[in-house]
Amino acid sequence: VVDSSATDATIKGLQHNLTQGGGIVLVNKKPLTMAQADFDIFFSPANIGRVKHESTVGAGTPFVAVMNRLLQANDPVSRIQGTFSGTLGYLVTCLEAGQKYSDIVKEAYKLGYTEPDPRDDLSGTDVARKALILGRMYGWKLELTQVQAESLYDDNMASLKVPDFLQSLECLDAKFAARVAQAAQEGCVLRYVATIEQGKLVVGLKAVPKASPLGSLSGTDNMSEYYTETYQKPLVVRGSGAGAVVTSQGMVADMVELSLVL
């Protein structure tokens, strides 16, 4: 079964498929980011090798595959840090170039880079889900509600209709311009970063050195840095973080892998 939906209503059906000896390929993040108990069912010893989910984290960029290799090698992971949103990557790159926050979001919405409701991207929840999957893979018991995620809009804008929300964004322009300027004074740039460390998960804007791997990102590229016992200097994986082609590539590769074990 391939689940490319965006709902948690598929969870019970997917689990039933596994009880019947089937396998599943996930693009949908929600089955792996709802209750920890459901995640534990998907990756119980009885289901080893029958749940593939590369495209839940980095489209087709192999963030999940690298994590699995580290786990198989028993290389203890101390920290994972990365950017997991092509949309927010585009946003911070444009901020760095001097564009206004409100103009960037409106343009991204117009170009179809954002979800139909841009707040689905700007809330940080999507990034939190992706990072949560990596944290749970390592064995940390975490619920989505425990993730500290920085929203890129004010609470009083949450209930607005989308056109009204887009029109209200100008009030945030000065705030984000100031953060970009402060980072630049420190020789840094802003990136929307997820950090998984010591059983905690924090997601939000972070000033990183411009010369660092994260600082070198541009456009919609994503990156994950894995700090382990072996990789004191991080193992870095970089690639496209959005798009139907790269996401489909990850899904098809998972389907082929699954066919070898069923």
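Which residues lie nearest the centre of the second largest pocket? They are Phe43, Val51, His53, Asn68 and Met137. Keep in mind that this is a predicted model.

**The second largest pocket**

The second largest pocket is lined by 30 residues. Helix H3 (36-42), strand S3 (51-52), helix H5 (63-72), H9 and H12 each give two or more residues to this lining. H5 provides the largest share, six residues. Sorted by class, the lining of the second largest pocket has 10 nonpolar, 11 polar and nine charged residues.

**The largest pocket**

Now turn to the largest pocket, with its volume of about 850 Å³. It is lined by 32 residues, and Lys29, Glu115, Asp121, Asp126 and Lys130 are the closest to its centre. Five helices each supply at least two residues of the lining: H4 (55-58), H6 (86-96), H8 (119-122), H9 (125-138) and H12 (244-259). By class, the lining of the largest pocket divides into seven nonpolar, 17 polar and eight charged residues.

**The cavities**

How many cavities of 30 Å³ or more does a search of the whole structure find? The search finds two.

In the largest cavity, Thr83, Leu88, Gly89, Val92 and Arg191 lie nearest the centre. The lining has 14 residues in total. H6 gives the most, with four residues. The lining of the largest cavity comprises six nonpolar, six polar and two charged residues.

The second largest cavity is lined by Thr87, Tyr90, Leu91, Ile104, Val105, Ala108, Thr114 and Leu122. Here H6 and helix H7 (101-111) each supply at least two residues. What is the split by class in this lining? There are six nonpolar residues, two polar and no charged.

Here are the spaces with their volumes.

| Space | Volume |
|---|---|
| Largest pocket | about 850 Å³ |
| Second largest pocket | about 650 Å³ |
| Largest cavity | about 80 Å³ |
| Second largest cavity | about 50 Å³ |

**Helix H6**

H6 supplies residues to the lining of the largest pocket. Why is H6 described as largely enclosed by the rest of the structure? Nine of its 11 residues are buried, so the rest of the structure largely encloses H6. The buried residues are Gly86, Thr87, Leu88, Gly89, Tyr90, Leu91, Val92, Cys94 and Leu95.

Some of these names have come up before. Leu88, Gly89 and Val92 lie nearest the centre of the largest cavity, along with Thr83 and Arg191. Thr87, Tyr90 and Leu91 are among the residues that line the second largest cavity. Just after H6, Gly98 takes a positive phi of about 100°.

**A patch on the surface**

Finally, look at the outside. Val2, Val252, Met255 and Val256 form a nonpolar patch on the surface. Together they have about 310 Å² of accessible area. H12 gives the largest share of this patch, three residues. Met255 lies in H12.

Conventions. Residues numbered from 1 in each chain as written. Predicted model: local features only at pLDDT ≥ 70, side-chain atom pairs only at ≥ 80, totals over all residues. Heavy atoms only, no water. 1 Å grid on protein atoms, 1.4 Å probe; cavity = no way out; pocket = protein on both sides within 12 Å on 5 of 7 lines; lining within 4 Å. Points joined across faces, edges and corners; volume = space filled by probe spheres on them. Nonpolar A, V, L, I, M, F, W, Y, C, P; charged D, E, K, R; others polar. Buried < 20%, exposed > 50% of the residue type's maximum accessible area, 1.4 Å probe, protein only. Patch = residues over 30% accessible without salt bridge, like charges linked within 9 Å, V, L, I, M, F, W, Y side chains within 5 Å. Areas by Shrake-Rupley, 256 points an atom, 1.4 Å probe, with all protein chains shown as cover. Salt bridge = Lys/Arg side-chain N within 4 Å of Asp/Glu carboxyl O.
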